[in-house]
Amino acid sequence: MFTPRQYDNVPFQATLSSLPQPYQQDVLPEIKTRISSLATPLLIVLDDDPTGTQTCHNIAVLTQWTVPLLQNELSTTTTGGFFILTNSRALPPSEAKSLISEICQNLAKAAKLVGKEYQIVLRGDSTLRGHFPEEPEAVEALLGIFDAWILAPFFYQGGRYTIDDVHYVREGGILVPASQTPFAQDATFGYKSSNLRDYVLEKAGSRFKDEDICSITLENIRLGGSESVAGKLIGAKKGSVIVVNAAEESDMAVFAAGALLAEQKGKRFLYRTGAAFVSARLGITSIPPLSLESLYHGPTQDLGAIKNGGLIIAGSYVPKTTAQLQRLREARGRELYVIELDVASLINTDKEADRVLDLCIRDANQWLKDGKDVLVMTSRKLIVGHDALSSLSIGGAVAAALVKVVQNITIKPRYIIGKGGITSSDAATKGLNMQRAMVIGQAAPGVPLWKCEESTSKHSGVPYVVFPGNVGDEDTLANLVERWAIQS
């Protein structure tokens, strides 16, 4: 029986100070030069929930993947790439694999019609929850075997660091090994490994052995730069998994530059990464969080919506979300109208669920019209099933209830915040009927901000915040709602 290695908490600042100095050369011009070439394939990011856009701006995200829609996006995107929101993390493994297969088939058809080359990135959770190895296997089944899989979950804004192959989550001044965090106890995607080599063996030990896994170390990145990274990638044996270490954004930029160099020398990689790799690979630099005032300038300004309340929809159950919701309620007090949906009632009978939701929808519309910000949240007691699949089923029923709320909000909110990956995905695609949106920036560090101008989308033009369940500190959500409040 496989037993993963165990690691202690380590001090954040002392650990980072003990590492080699970051690579001194700015590799961004190198990346931009390479991706500006028409010979560089477009980057198509299959995002297993919508939070993968959290480090990007001025890039499209599709929530549908018909061949005509993909054909149009491929033909109008000259360089760079775009996102496809799969929301596959909300599905059982077999359905997730089928979904990825369908998207890859449609991509292949659309790319052939427009004569474009493309490259797949499977953007996954920076705390290692998701369908691994099922999704990479589904891609390979359609697109052929790659030279190697790349595993790179680093995400600076969320405090996720990979050092000596061990993946950590920052909690204040401490780096906590990922397997010792609440994320590792996930009812569907739980794991016991913090060392990413062990994680691969834990999740895919029937396919890989220890000798099939190698690393791009911080020494490779910081002392050797992109040329060193490219050499390691080119020298990796076919069929391996390559773990990428990173402790700040410049590390991921150096890795991305090296990966581009290796690809242009003929290598072909399949990426399973956090959000940081995507922005690094696309040469996107961070911008400050956007203000609400800046979003309502221009021809699509809706003065009526500005006077209405903002809507926060919260379904995530991770402890960080629960703490953020509590802080939001404390901070906003009477300025926030709170509707708490009892999950036991939502999954009891259809009649009981309808009664609860009808009351919620009535009250939410009235308070939004009166200019009051409204929080619709699920009760905080986590109800799980007897196994992973039944837990997913319960989660699906709760998600469907939140979608019904969004669908029946008739008052155009000043903004909408979806709290949690699955919640924000379903609210966007099923609740608001978005098919294509633009990622215009961030509402807070690591918190994506979308805008959909489609006439067929409900509440078209309203700023839509994709707020991950596991990002920020206890005050991040409260601070955002306060910044975006109507000032009396």
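Trainee: Which strands supply at least two residues each to the lining of the largest cavity?
Mentor: Strand 6 (148–152) and strand 12 (269–273) do. Helices (H or I, at least four residues) and strands (E, at least two) are DSSP runs, numbered from the N terminus. This is a predicted model, where local features need pLDDT of at least 70 and side-chain atom pairs count only at pLDDT 80 or more, while totals for chains, interfaces and linings use all residues. Residues are numbered from 1 along each chain as its sequence is written, and side-chain values use heavy atoms, with hydrogens and water left out.

Trainee: And what counts as a cavity or a pocket here?
Mentor: On a 1 Å grid over the protein atoms alone, a cavity is a set of points where a 1.4 Å probe fits but cannot get out. A pocket is an open set with protein on both sides within 12 Å along at least five of seven lines, and lining residues have an atom within 4 Å of a point.

Trainee: How many cavities of 30 Å³ or more does a search of the whole structure find?
Mentor: Three. The largest cavity comes to about 90 Å³, where a volume is the space filled by probe spheres set on the grid points, joined across faces, edges and corners.

Trainee: Which residues line the largest cavity?
Mentor: Among them are G124, D125, F132, L151, Y199 and R272. By class, that lining has six nonpolar, three polar and three charged residues. Ala, Val, Leu, Ile, Met, Phe, Trp, Tyr, Cys and Pro count as nonpolar, Asp, Glu, Lys and Arg as charged, and the others, Gly among them, as polar.

Trainee: What's the volume of the second largest cavity?
Mentor: About 40 Å³. Its lining includes F132, L151 and R272, along with W149, V241 and Y271. Strand 6 and strand 12 are the elements giving two or more residues to this lining. The lining of the second largest cavity has eight nonpolar residues, one charged and no polar ones.

Trainee: Switching topic: is helix 6 (residues 196–204) mostly covered or mostly open?
Mentor: Mostly covered, with seven of its nine residues buried. Buried means under 20% relative accessible area, exposed over 50%, and partly exposed in between (1.4 Å probe, protein chains only). Y199, V200 and L201 are among the buried residues of helix 6.

Trainee: What do the buried residues of helix 6 pack against?
Mentor: Five strands: strand 6, strand 7, strand 8 (166–171), strand 10 (213–216) and strand 11 (240–244).

Trainee: Strand 7 sits in a sheet, I guess. What order do the strands of the open sheet come in?
Mentor: Four strands run in the order 1-9-8-7, with antiparallel pairing. Strand 1 (10–11) and strand 7 (160–163) are at the edges with a single partner strand each, so one side of each has no neighbour in the sheet. Strands pair if DSSP finds at least two bridges between them. Strand 1 pairs with strand 9 (residues 174–177) over two bridges, and P11 has I174 as its bridge partner.

Trainee: And strand 13 (residues 311–314), which way do its residues point?
Mentor: L311 and I313 point one way, I312 and A314 the other, and all are buried. Strand 13 pairs in the parallel sense with strand 15 (residues 373–378) over four bridges, and with strand 16 (residues 416–419) over four bridges too. A314 is bridged to M377 in strand 15 and to K419 in strand 16.

Trainee: Last one: where is V398?
Mentor: In helix 15 (residues 388–407). V398 counts as buried because its relative accessibility is 6%. Leaving aside its neighbours within four places in sequence, V398 is in contact (heavy atoms within 4.5 Å) with V343, I347 and T378. V398 and A353 are 45 residues apart in sequence, and their C-alpha atoms are 9.9 Å apart in space.
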